[in-house]
Amino acid sequence: MSEALTLDGVSKSFGGLKVINDVSFRVPEGSRTALIGPNGAGKSTVFNLISGVYPIDQGRIQALGQDITGYTVPQRVRHGIARSFQNIRLMPHLSTLENVMLGEHHRSHPLQLVGSARATARARRALEDAGLGTYPGQVVADLPYGVQKRIEVVRALMAEPRILLLDEPAAGLNSTETKDLRLLLERVSGQGITLVVVEHDMPFVRHLCNHVVVLNFGSKIFEGTAESVSRDPLVLEAYLGSAQVMEGGHA
Ligand SMILES: Nc1ncnc2c1ncn2[C@@H]1O[C@H](COP(=O)(O)OP(=O)(O)OP(=O)(O)O)[C@@H](O)[C@H]1O
Ligand SMILES: [Mg+2]
């Protein structure tokens, strides 16, 4: 199987502190890959490195057969990489539809978006496809948190990604909202989009993901199947004291 992403010996320091240490892993094309690990392990930083928010110090990142190590953020978006952030970054006072339309901004010039019937139609269709067709005119701040999280996913889809990076999409969701999110992500995956999901909710990971990478203190300690991860001694040790994270939660 070909790779959607390959990280090869990637390292990153902030102010002399090495937060990502010689990390290599692969994300098979079309997979639903989980990137997990205790708080501060470096998961969001890895997303920042893949999406180009920060340059890497050492190593190489390949996406869909191309070396993207030197690409800017917009170049990576055009190459097919989209992401959501750990904290919701919707515009709370704009409508659902307007927020989703903002997801096009790396593909088209923002001014072309204003009043663009094509962008409006695309955003409406994307919301309908995601089961959010009843919300386009509603102000985002008035909507339940679980709906906002799914709107973020739809906004990222507006960039027409081939690889979608989601940073803790299930955080703060109740069990119904978590299930709705999982169904949406399964639908996205069914369209052939590769998913990479940072998540602490292990039952969610086990239900959704078929490939798992575990980071601890900036190093990779495991790469394999969702079935084998919770039996791995290094992983269990890393989660010691937070065993409920590996076993508890909902999906
Ligand atoms: N821009 C930055 N400047 C300095 N240190 C940073 C920066 N970004 C991340 N770090 C540090 O890198 C380490 C890894 O942080 P990161 O946010 O990647 O962890 P994480 O695995 O996403 O954790 P969590 O599960 O809590 O979200 C932390 O020690 C953090 O303080
Ligand atoms: Mg994080």
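Four strands make up an open sheet in the order 2-1-4-5, with antiparallel pairing, where strands are DSSP runs of E with at least two residues and helices are runs of H or I with at least four, numbered from the N terminus, and where two strands pair if DSSP finds at least two bridges between them. Strand 2 (17-28) and strand 5 (66-67) stand at the edges with a single partner strand each, so one side of each is left without a neighbour in the sheet. This is a predicted model, in which local features need pLDDT of at least 70 and side-chain atom pairs count only at pLDDT 80 or more, while totals for chains, interfaces and linings use all residues. Residues are numbered from 1 along each chain as its sequence is written, chains are lettered from A and ligands numbered from 1 in the order in which they are written, and side-chain values use heavy atoms, with hydrogens and water left out.

**The antiparallel sheet**

- Strand 1 and strand 2 are joined in the antiparallel sense by eight bridges, and Leu 5 stands opposite Val 27 in strand 2.
- The hairpin of these two strands has two residues between them, and Gly 15 there takes a positive phi near 50°.
- Strand 1 also runs antiparallel to strand 4, with five bridges between them, and Leu 7 is placed opposite Ile 61 in strand 4.
- Strand 4 (residues 58-63) pairs with strand 5 in the antiparallel sense over two bridges, with Gln 62 standing opposite Asp 67 in strand 5.

- Eight of the nine residues of helix 1 are buried, among them Val 46, Phe 47, Leu 49 and Ile 50, where buried means under 20% relative accessible area, exposed over 50% and partly exposed in between, with a 1.4 Å probe and protein chains only.
- Ser 44 (OG) and Gln 86 (OE1) coordinate the magnesium ion (ligand 2) at 2.1 to 2.2 Å; donors are N, O and S atoms within 2.8 Å of the metal (3.2 Å for Na, K and Ca), and water is not among the atoms, so sites may look incomplete.
- This pair links distant parts of the chain, since Ser 44 lies in helix 1 and Gln 86 in the loop between strand 6 (81-83) and helix 3 (96-102), 42 residues apart.
- Ser 44 is partly exposed at 22% relative accessible area, and Gln 86 is also partly exposed, at 34%.

**Strand 7 and its parallel partners**

- Five of the five residues of strand 7 (residues 163-167) are buried, so this strand is largely enclosed by the rest of the structure.
- Strand 7 pairs in the parallel sense with strand 6 over three bridges and with strand 8 (residues 194-198) over five bridges.
- Leu 165 stands opposite Arg 83, and its bridge partner in strand 8 is Val 196.

**Domains**

- The chain is divided into domain 1 (1-80 + 162-251) and domain 2 (91-160), with bounds that come from an automatic or database domain assignment.
- The contact takes 20 residues from domain 1 and 15 residues from domain 2.

Terms used: Contact = heavy atoms within 4.5 Å.
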